[in-house]
Amino acid sequence: MAKILVVANETLGGQSLVETVLPRAKKGDEFFVVVPATRPRHGDIIYLEAVQDAAQVRIDLAKSFMGEHGVDIEGEVGDPDPFHATMDAVREIHPAEIIVSTHPETRSGWLRKDLIQHLKDETGLPVHHVVTDLAAEGLPFRVTLVVANETVGGAELLSRIKTKVADAESAGDGKTDVFIVVVPQKGGHGTHTREARTRLDATLGKLHEAGLLAAGMIGDPDPYTATMNALNTFHVDDVVISTFPETRSGWLRADLIKRVQHATSVPVEHVVVDLETQKAPAG
């Protein structure tokens with residue numbers, strides 16, 4: 001039984017990496033995942049909690065997906081620089097081997113920085129390189145990005161999520177549905193961060209109680225920026241945006257739905273949540 005360190009970011013959860021890890025994990029090897037925290041592409045102000053959350057979402061989804069296959073893994077968010085993130089983890093867990101997962105060479109900044117060779121030279125450990133082409137192979141699960149703020153715990157949204165899962169099961173394509181929930185903050189103050197976190201945690205709790213695989217993050221106060229950062233960070237199959245009715249929604253007045261539809265090739269669905277018709281506002 002060996003202790004293996006896995007270093008990955010966007011390719012964590014990719015088919016090639018799963019096929020590398022799963023058989024060895026089932027034979028008893030222990031896996032620890034480190035995901036470097038990377039800077040979002042959109043927004044003038046960097047919200048550190050949102051950056052940490054994005055990396056943590058990958059870890060949470062990987063843990064949940066592997067758990068569905070009977071495999072327990074541990075993980076942590078690392079330094080933004082993949083070399084430093086790896087070296088920190090090596091000093092912490094003392095692995096027998098390192099697995100580094102990257103995009104193909106033409107798309108990988110890590111390979112352009114010669115990360116694999118640097119790690120071999122610095123650690124003296126076996127470093128196994130796994131190439132994951134998400135554009136060609138996709139993910140072994142279907143990912144829905146859910147964007148909502150005050151309506152994130154609304155009954156209409158939760159009902160739509162459950163319906164999507166039921167419809168997919170009826171279609172029978174064999175893929176597991178996972179949900180990434182993004183809650184934009186109302187502003188940049190600490191109280192806004194806590195409010196968004198409270199809403200997010202409550203909603204994830206409901207999804208987990210329903211037996212769904214879900215993880216989430218707080219996002220930039222601008223909902224378009226928060227959505228685009230998530231779309232650029234994760235491999236997403238479709239998007240669900242939840243808002244108040246048109247007469248009460250600042251997001252609709254800012255034409256959020258159409259702006260996101262024009263910016264992405266994946267389907268974008270709009271769910272209206274009217275908390276005033278519900279007995280107890282959620283989240």
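Predicted model: local features only at pLDDT ≥ 70, side-chain atom pairs only at ≥ 80, totals over all residues.
Residues are numbered from 1 along each chain as its sequence is written, and local features need pLDDT of at least 70, with side-chain atom pairs counted only at pLDDT 80 or more. Side-chain values use heavy atoms, without hydrogens and water.

Helices (H or I, at least four residues) and strands (E, at least two) are DSSP runs, numbered from the N terminus. Strands of a sheet pair through backbone hydrogen bonds, either parallel or antiparallel. Here, five strands form an open sheet with parallel pairing, in the order S3-S2-S1-S4-S5. Pairing requires at least two DSSP bridges between two strands. Strand S3 (74–78) and strand S5 (127–131) stand at the edges. Each has a single partner strand, so one side of each lacks a neighbour in the sheet. Strand S1 (residues 3–7) pairs with strand S2 (residues 30–36) over five bridges, in the parallel sense. Lys3 has Glu30 in S2 as its bridge partner.

Helix H3 (residues 82–93) packs against helix H5 (residues 115–123) at an angle of about 35 degrees, and their axes lie 10 Å apart. Axes are lines fitted to C-alpha atoms, for helices over the stretch in contact, and angles run from 0 to 180 degrees between N-to-C directions. Contact means heavy atoms within 4.5 Å. Pro82, Phe83, Thr86, Met87 and Val90 in H3 meet Leu115, His118, Leu119, Glu122 and Thr123 in H5.
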